[in-house]
Amino acid sequence: MASEEELFANIDALLAEEPQLPPPAERARLREAAGITQARLAQALKSTTQTVKNWENGRSEPKPPRLEAYQRLLNGWAAKYPAHAAPSAPAAVAAPQPQVPQTFTGPAAPEPEAKTAAPVEAPAVPEHPAVGRATSSRRPAARKAAAPATDPRFPHGPLAVLDGDGSAYAVGGLVLDCPATTVVELVEWTLRESGLGASKLNRYGKDSDPLIVLTAAAAVKLGLPERLEGHEQRRSLRLPEDHPVVKQVTKARWQLTQRGFGPWARIYRKAQGRERQCVQLAVLSWDALDERSWPGVAEMAPADIARVLGVYAMRVITPRGSTAVSGLELMTAMRPPTKAVQDPATGNWVPGHNSGSLGSEPMDPAPPEATPEHPVVVNSGWKGGFLNEEAYQWVRDASLLTDEECTLPYAVGLDLNTAFLAAAARLVVGLSGPDHFHAPTFNPKIPGSWLVDLSHIELDPRLPSPFTPDGSRPTGPAWYQTHTVAYAQELGHDVHPIEAYLRRETGAYLDPWHDRLKTAYVDTLAEMGVTKDLSDAEFLAAMERHKQVDPALSAVLSAIKATVKGGVGKLRERPQGRHYKEGEPWPALARPTWRPDIRAAVISKARVNMHRKLNNMVKLTGLYPLAVLSDCVVYPSPGESPLDFLPYAASGKPQPGGFRLGPTPGLAKLEGVQSMLWAVDLMEKGLNPARHIKGGDAVLDDGE
């Protein structure tokens with residue numbers, strides 16, 4: 001039988017839980033019943049009228065201390081103005097989705113509820129340590145990483161970097177004393193004493209688990225090898241199951257995920273009630289921080305590593321794997337698959353589908369959207385071809401260069417900022433499974449895959465074809481994503497699909513993911529001195545020096561860009577390992593976010609956006625590109641600057657439609673400058689000047 005002490009402890013735990021507010025519609029009803037305006041309520045809570053509106057339409061949720069004050073007020077009103085069968089736990093009021101007619105002439109309207117997934121700032125960190133000690137033996141991070149904390153449950157921020165002497169460097173220059181000498185002790189200290197973690201990014205989501213980054217010295221102190229050796233791919237390396245540390249973890253009734261104890265190890269127990277018990281570890285000397293995504297970070301001092309990862313965690317998400325993994329996790333965090341709904345039969349709150357999300361179950365792709373080794377393809381014997389929606393890799397035939405072009409002195413490369421992220425904005429994708437149609441009428445509003453013959457379309461050979469990644473003219477019927485076919489129609493050509501795989505339920509699934517990453521990208525650039533208010537000449541000058549302003553922020557910017565590309569690539573993650581056999585399912589297929597059709601939609605839209613700009617540049621300037629590689633284009637130029645050939649109006653403003661300079665996604669920056677002779681020489685050898693214009697051997701990275 002439970003003791004009085006145990007019962008009181010249970011009650012105290014319940015009282016300490018986060019307050020539960022009534023649904024947004026009920027909040028508005030109670031306020032109106034009390035005769036209080038939104039403006040007056042905002043004044044009482046020292047907030048704004050718009051914030052109160054957001055609380056009452058479900059766009060955002062209050063944070064402590066306003067949360068407790070708002071709950072107290074609502075409880076008082078609820079006692080005075082009870083409603084019949086008023087629910088007492090949070091649930092969003094979702095508008096019903098319109099039924100798609102059987103003729104399938106268009107998609108379902110996007111869910112109004114999708115608006116509720118607006119980005120919410122992750123908790124920041126206090127500027128003074130509430131626990132721990134000031135840095136003395138170590139150099140603290142150069143600057144504070146964030147504003148004061150808003151979530152009292154996580155007073156010390158999202159993560160810490162543990163060094164061999166027991167110093168755990170958190171964000172904001174804070175250093176905690178960690179007495180742990182084993183991995184099990186470290187996990188228990190992190191959950192019980194560290195004050196680390198981060199609030200959920202969406203009201204229906206989960207809090208981010210605390211991250212502990214281990215230096216080489218810390219890893220050795222905890223009984224781990226300094227380096228992880230083996231013959232498999234680096235990302236599949238892990239400790240053997242009979243390693244003493246793995247045995248310690250399992251003996252203490254902790255669990256490891258299927259990834260085992262590798263560079264990114266997740267150690268957990270099943271959640272009890274609302275409380276998750278999970279800690280993410282990252283081992284620096286096991287290459288947890290890839291140099292391509294986190295340039296120079298692994299070699300930094302622990303306090304500076306904490307600053308870099310802390311800024312990323314607050315602007316994007318607490319890292320929980322590679323930037324590609326974090327990019328995918330961010331999609332789910334911004335649009336969780338489930339939410340609390342009330343069972344009308346019992347009145348209990350149960351998990352229900354969160355409209356606008358991808359749901360909790362994986363979904364088979366249509367055969368042309370899959371990869372050749374996918375079970376859907378192998379088991380069905382599919383021979384009908386596949387989508388080939390990839391980024392551009394095109395070089396103009398050198399014989400098509402004019403004398404005037406060859407006499408220009410320079411080749412100038414322009415790079416579009418996070419082109420895939422720009423393509424994800426307001427991108428309508430399928431949320432349900434694919435349905436097969438024969439000879440459908442093309443509808444540019446329906447996401448899906450269309451078999452159509454575009455080989456009859458005659459285009460200028462000095463531009464790449466918009467329909468193929470290598471820019472060559474199609475030779476017959478092929479599968480295309482909706483945006484590619486729609487662009488053919490935009491160019492004035494009739495399209496007559498032979499068959500299609502289309503989706504009835506649709507929505508702008510990636511919008512909150514896009515919004516959060518765009519804000520992170522723009523804010524980080526602005527902190528490095530590249531702001532939206534600069535003139536084009538000032539922008540080019542700021543970009544030339546921005547990486548020298550702050551190496552830590554430069555690394556954050558690199559990681560944000562890698563998160564975009566990697567997240568898109570992960571939507572079609574291929575099987576890994578030499579033991580894989582064609583036709584077998586691989587682990588990635590178990591995720592609801594294994595969605596090659598969404599990846600194809602992003603890349604198709606990005607390639608179409610690029611071609612539209614190339615086409616408009618011809619109309620505005622008469623200039624044709626020399627080469628395109630993904631989001632980089634090279635033009636012949638009379639001068640070393642993009643200002644020498646980009647189109648400007650007489651007023652000095654950039655002409656709409658062409659390439660424009662600026663710091664936001666989709667706008668351009670200078671990638672590099674070389675001589676025209678250099679570019680022509682590469683073109684004649686069949687090499688792509690866009691790959692090398694920066695002055696090194698750039699590698700196309702599609703994130704897979």
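Buried means under 20% relative accessible area, exposed over 50% and partly exposed in between, with a 1.4 Å probe and protein chains only. The model is predicted: local features need pLDDT of at least 70, side-chain atom pairs count only at pLDDT 80 or more, and totals for chains, interfaces and linings use all residues. Residues are numbered from 1 along each chain as its sequence is written, and side-chain values use heavy atoms, with hydrogens and water left out.

**View 1. The whole protein chain.** Buried residues make up 51% of the 704 residues in the protein chain. The chain has 20 helices and 21 strands. Helices (H or I, at least four residues) and strands (E, at least two) are DSSP runs, numbered from the N terminus. Contact means heavy atoms within 4.5 Å. Of the contacts in the protein chain with a separation of 6 or more, 72% are between residues 24 or more positions apart.

**View 2. Helix H10 against helix H15.** H10 (residues 323-334) packs on H15 (residues 511-527) at an angle of about 120°, with the axes 8 Å apart. Axes are lines fitted to C-alpha atoms, for helices over the stretch in contact, and angles run from 0 to 180 degrees between N-to-C directions. H10 is therefore oblique to H15. Angles under 35 degrees count as roughly parallel, over 145 as roughly antiparallel, 65 to 115 as roughly perpendicular and the rest as oblique. From H10, Gly327, Leu330, Met331 and Met334 make the contact; from H15, Pro512, Trp513, Arg516 and Leu517 do. These residues divide into six nonpolar, one polar and one charged. Ala, Val, Leu, Ile, Met, Phe, Trp, Tyr, Cys and Pro count as nonpolar, Asp, Glu, Lys and Arg as charged, and the others, Gly among them, as polar.

**View 3. Helix H10 against helix H17.** The axes of H10 and H17 (residues 551-570) come within 7 Å and cross at roughly 70°. H10 is therefore roughly perpendicular to H17. H10 brings Thr323, Ala324, Val325, Ser326, Gly327, Leu328 and Met331 to this contact, and H17 brings Ala559, Ala562, Thr563, Gly566, Gly567, Val568 and Lys570. By class, the H10 contact with H17 has seven nonpolar, six polar and one charged residues.

**View 4. Trp513 and the nonpolar cores.** A nonpolar core is a set of buried Ala, Val, Leu, Ile, Met, Phe, Trp, Tyr and Cys residues joined through side-chain atoms within 4.5 Å. The largest has 90 residues, and Leu510, Trp513 and Phe659 have the most contacts inside it. Leaving aside neighbours within four places in sequence, Trp513 is in contact with Gly327, Leu330, Met331, Met334, Leu421, Ala424, Thr563, Val564 and Val568. Another core, of 35 residues, lies apart from the largest one; Leu176, Trp189, Trp254 and Ile267 are among its members.

View 5. Most residues other than glycine have a negative phi. Arg426 has a positive phi of about 55°. Arg426 sits in the loop between helix H13 (419-424) and strand E13 (429-430). Its relative accessibility is 67%, so Arg426 counts as exposed. Phi of Ala439 is also positive, near 50°. Ala439 is in the loop between strand E14 (434-438) and strand E15 (448-453). Its relative accessibility is 58%, so Ala439 counts as exposed.

**View 6. Ser455, a buried loop residue.** Ser455 is in the loop between E15 and strand E16 (477-481). Ser455 counts as buried because its relative accessible area is 18%. Neighbours within four places in sequence aside, Ser455 is in contact with Arg473, Pro474, Thr475 and Gly476.
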